[in-house]
Amino acid sequence: MPTVMNCCLFIKALQNCFCDYGHLSVVTGDYVLIPRSTNWRLEPHEPMFLLMIECSDGSYGLPEKGLVGQHAIFDPAALDVPQINAAFQAQYSEATTQVLVKRHNQVATITYPFNPLDAIGWHGDLSVVRLNWRDIRPLMSHRYHLPPSANTTFVGEGFVVCTFVPRPIESDPGALKVPFYHNNDDYDEVLFYHEGDFFSRDNIEAGMVTFHPAGFTHGPHPKAFAASQSNPKKRTDEVAVMIDTRHALEFSSAAQAVELPDYVYSWRSA
Ligand SMILES: [Fe+2]
């Protein structure tokens, strides 16, 4: 039974999630926000793929909605919480249970002579919450290509989590129709490709991650840029998660082991 710090999961399979607050059915495309020190367990029905984002120095919140108001992007009523239901009660147990607790990047094990996921009710406004990307209603303008920050879903301490979901492409002839060429002055940029046709990138498939550190100029790949000029699409058909971090990311040996070193050359024309 793993327990991790305040984290956000982006799921790619149907799962049962059990936690201190009850049982939650989670499906492909769900975000699951788990508060720090919550006990939780995922029971996969099938091989499980997920993106885990730990907010190790704070807690998750929602972005400022400003002019567009609190119901923009997703209705807060779409947030789902666990239930103390029959599935949860069925896993009450006196079986010896281990809880893994991560602190200072080390994992300690606490052994209980019972399953500590044994709540019979709860009260308050702290809970695990679930949000599916299909509940996100993206902001857009027919004349103005909105910056990526308009797709912010959650705000952590020193980073943001943004969700790119299908939307109409700008229709005004003078509007920019692909992401602008840019570098990030202050933020490292990680993109996780969940599903769909990733319109600004070549040779990107679901499950891949791109990493553009601050100062690295990038933008649409040549073929994608040319297609946007000659045969513009009417809609995007992609779901991707972006994590922009204020602090420089470290590139782990696990990431290096699967790196595609030629990615940096993918902006070359064929
Ligand atoms: Fe970027």
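Predicted model: local features only at pLDDT ≥ 70, side-chain atom pairs only at ≥ 80, totals over all residues.

Tutor: Residues are numbered from 1 along each chain as its sequence is written, and side-chain values use heavy atoms, leaving out hydrogens and water.

Student: OK, β12: is it mostly covered or open?

Tutor: Mostly covered. Of the six residues in β12 (159–164), five are buried, meaning under 20% relative accessible area with a 1.4 Å probe, protein chains only. Strands here are DSSP runs of E, at least two residues, numbered from the N terminus.

Student: How many bridges join β11 to it?

Tutor: Three, and β11 (152–155) runs antiparallel to β12. Val155 has Val160 as its bridge partner. Strands pair if DSSP finds at least two bridges between them.

Student: What about the turn, which residue takes a positive phi?

Tutor: Gly158, near 85°, in a hairpin with three residues between the strands.

Student: And how many bridges to β15?

Tutor: Six, again antiparallel, with β15 covering 237–245. Cys162 sits opposite Met242 there.

Student: Switching to Thr163: why does it count as buried?

Tutor: Because its relative accessibility is 1%. Thr163 belongs to β12.

Student: Which side chain does Thr163 have a polar contact with?

Tutor: Thr153, at 2.6 Å. A polar contact is an N or O pair within 3.5 Å; within protein, one atom must be able to donate a hydrogen and the other to accept it, and sequence-adjacent residues count only if both atoms are side-chain atoms.

Technical notes: Buried < 20%, exposed > 50% of the residue type's maximum accessible area, 1.4 Å probe, protein only. Helix = DSSP H or I, 4+ residues; strand = E, 2+ residues; numbered from the N terminus.
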